[in-house]
Amino acid sequence: MTDALAQAIANAAEEPPKRYVITGGPSTGKDELITAIRAAGLPCMEEEPGRAIYRKHRDRLGRHLLKEDRRDYSLEVLAAFVEEFEHHTAGIRFYNRGIPDGYGWEGFFGLPPAPELDAATERYRYDTVFVLDPLDSFEDPDDIVWAKERELRRVHELIVQGYINAGYEPVFVSPGPAADRLDFICANLRLPKPER
């Protein structure tokens with residue numbers, strides 16, 4: 001981490017919270033970017049909670065989620081995102097997805113938005129939302145994401161529309177190496193570039 005970036009993070013730690021979402025559909029390079037954010041020393045949530053909760057449901061049920069399981073799953077993911085939001089009380093923090101992602105996934109599941117999702121989206125607001133444009137390849141070695149390659153664009157569009165409907169003006173991040181994307185995000189937030 002550069003001295004300038006370390007100083008910017010330290011200065012922000014004394015300020016009210018600034019919350020920055022990194023989102024997009026499957027195959028957008030989100031995991032690689034989150035890894036780069038963490039490697040740069042920027043405060044960032046550990047793991048996107050939906051994955052761990054999905055694994056728990058899959059292990060308990062012995063199968064992938066069916067339509068009748070998806071509302072319970074969505075509400076549990078929402079509760080984890082609200083807890084993460086409330087836990088952060090000062091300084092900069094990057095989020096691996098945000099509360100309005102629920103609109104995209106509920107839409108993909110064929111569910112109407114839960115009233116709890118509407119209430120949380122209105123109450124818990126992020127400062128900036130960065131949407132990663134999709135990459136050309138799709139890999140999911142953990143078999144966590146339910147989308148097939150032909151469905152990737154649809155999931156991505158539903159997530160983006162969920163943020164727009166929630167009143168956000170997302171900043172779109174072009175495909176490319178994670179380091180370049182992080183430089184773009186830092187420039188957008190007026191943060192010093194991380195060292196390489």
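**Side-chain contacts in the predicted model**

Nine aromatic pairs were counted in the structure, where rings of Phe, Tyr and Trp (its six-membered ring) pair if their centres lie within 6.5 Å, and where planes under 30 degrees apart count as stacked, over 60 as edge-to-face and the rest as tilted. The structure is a predicted model, in which local features need pLDDT of at least 70 and side-chain atom pairs count only at pLDDT 80 or more, while totals for chains, interfaces and linings use all residues. Residues are numbered from 1 along each chain as its sequence is written, and side-chain values use heavy atoms, with hydrogens and water left out.

In one of the aromatic pairs, the ring centres of Tyr-20 and Phe-94 are 5.4 Å apart and the planes are at 55°, so this pair is classed as tilted. Tyr-20 belongs to strand 1 (residues 18-23) and Phe-94 to strand 2 (residues 92-96), so the contact ties together parts that are 74 residues apart in sequence. Strands (E, at least two residues) and helices (H or I, at least four residues) are DSSP runs, numbered from the N terminus. Both Tyr-20 and Phe-94 are buried; buried means under 20% relative accessible area, exposed over 50%, and partly exposed in between (1.4 Å probe, protein chains only).

A tilted pair is also formed by Phe-108 and Phe-109, with 6.3 Å from centre to centre and 45° between the planes. Phe-108 has a relative accessibility of 22% and is therefore partly exposed, whereas Phe-109, at 3%, is buried. These two residues belong to one aromatic cluster together with Tyr-54, Tyr-73 and Trp-105.

Aromatic rings also meet charged groups. The charged end of Arg-19 sits over the ring of Phe-85, at 3.7 Å from the ring centre; the criterion is that NZ of Lys or CZ of Arg is within 6 Å of the ring centre and within 35 degrees of the ring normal. Likewise, the charged end of Arg-125 is placed over the ring of Tyr-168, 4.1 Å from its centre.

The structure holds seven salt bridges, each defined as a side-chain nitrogen of Lys or Arg within 4 Å of a carboxyl oxygen of Asp or Glu. One of them joins Arg-51 to Asp-31, with the closest N and O atoms 3.1 Å apart. This bridge links distant parts of the chain, since Arg-51 is in helix 3 (residues 49-61) and Asp-31 is in helix 2, 20 residues apart. Arg-51 has a relative accessibility of 19% and so counts as buried, while Asp-31, at 33%, is partly exposed.

Glu-84 and Arg-93 form a salt bridge in which the closest N and O atoms are 2.6 Å apart, and both residues are buried. A salt bridge between the side chains of Arg-97 and Asp-101 has an N to O distance of 2.8 Å. Arg-97 is buried at 8% relative accessibility, and Asp-101 is buried at 2%. Through shared partners, salt bridges join Lys-30, Asp-31 and Arg-51 into one network.

The search of the whole structure for disulfides, taken as pairs of cysteine sulfur atoms within 2.5 Å, found zero. For Cys-44, the closest cysteine sulfur is that of Cys-186 at 12 Å, which is too far for a bond. Cys-44 is buried, with a relative accessible area of 5%. Cys-186 is in no disulfide either, its nearest cysteine sulfur being that of Cys-44, 12 Å away. The relative accessible area of Cys-186 is 0%, so this residue is buried.

Backbone angles were examined as well. Ser-27 is not a glycine, yet its phi is positive, at about 70°. This residue lies in the loop between strand 1 and helix 2 (30-39) and is buried, with a relative accessible area of 14%. Arg-190, also not a glycine, has a positive phi of about 60°. Arg-190 is located in the segment after helix 8 (178-188), and its relative accessible area of 79% makes it exposed.
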